[in-house]
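Please open the structure in a viewer and keep the selection tool at hand. The stops below are given in the order in which they may be selected.

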Amino acid sequence: MEKRNVFETMEGRAAWHPVDFCEVNDVIIRTFFADGQFPWHLHREHEEFFLTIKGEITVETDQDNFVLKEGETLVVPPNVLHRPTASERSIGVVIPGSTDPTRADIYFVDADEVRKKLPYVTGPIRTLTEGQP
């Protein structure tokens, strides 16, 4: 057992560069700084859980926009186009649908936007126009 502090772990991190904070029963608990807009994407097979722990994060979807204040959560169902956004630096927790990195199950709308906003993504980027894996 080890006590950890989310805020200390996030010090110095760039926006949208997630940290795998811990794993519990084969579930990854991932923290991230939100600032600006993450690219539009969806997950074909998995739900995605969001929790705001500091600030305010909006999860925009093709159905509605959900403003998550501190302590509020949202579960995005599979096949719902969405992107988290924040007008000021905020901290969130996300639980992705799969712990297997070879099954990221993430499909972006625009690969060029991903390269520009997420420079740490160096491998191939799957887009919605490519169809099912």
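Select Trp16 first: leaving out residues up to four places away in sequence, Trp16 touches Phe32, Phe33, Ala34, Asp35, Gly36, Gln37, Phe38, Pro84, Thr85, Leu118 and Tyr120, where contact means heavy atoms within 4.5 Å. The model is predicted, so that local features need pLDDT of at least 70 and side-chain atom pairs count only at pLDDT 80 or more, while totals for chains, interfaces and linings use all residues. Residues are numbered from 1 along each chain as its sequence is written, and side-chain values use heavy atoms, with hydrogens and water left out.

Next, display the largest nonpolar core, which has 18 residues; Trp16, Phe32 and Phe50 touch the most other members. Such a core is a set of buried Ala, Val, Leu, Ile, Met, Phe, Trp, Tyr and Cys residues joined through side-chain atoms within 4.5 Å. Strands β2, β5 (56-61), β7 (73-76) and β8 (82-95) each supply at least two residues of this core; strands are DSSP runs of E, at least two residues long, numbered from the N terminus. Another core, of six residues, lies apart from it and includes Val6, Phe21, Phe33 and Ile91.

Select Arg4, which lies over the face of Phe21 at 4.2 Å from the ring centre, and then Arg89, which lies over the face of Phe33 at 3.6 Å. The criterion is CZ of Arg (or NZ of Lys) within 6 Å of the ring centre and within 35 degrees of the ring normal.

Move to Thr31 in strand β2 (residues 27-37). Thr31 is buried, at 1% relative accessible area (buried is under 20%, exposed over 50%, partly exposed in between, with a 1.4 Å probe and protein chains only). Beyond four places in sequence, the contacts of Thr31 are Val6, Met10, Pro18, Val19, Phe21, Gly92 and Val93.

Which residues form one aromatic cluster? Select Trp16, Phe32, Phe38 and Phe108. The structure holds three aromatic pairs, a pair being rings of Phe, Tyr or Trp (its six-membered ring) with centres within 6.5 Å; planes under 30 degrees apart are stacked, over 60 edge-to-face and the rest tilted. The Phe38 and Phe108 rings have centres 6.2 Å apart and planes at 45°, so this pair is tilted. Phe38 is in the loop between β2 and β3 (41-42) and Phe108 in strand β9 (residues 107-108), 70 residues apart.

Finish at Asn25, in the loop between β1 (19-24) and β2, with phi near 50°.

Technical notes. Helices (H or I, at least four residues) and strands (E, at least two) are DSSP runs, numbered from the N terminus.
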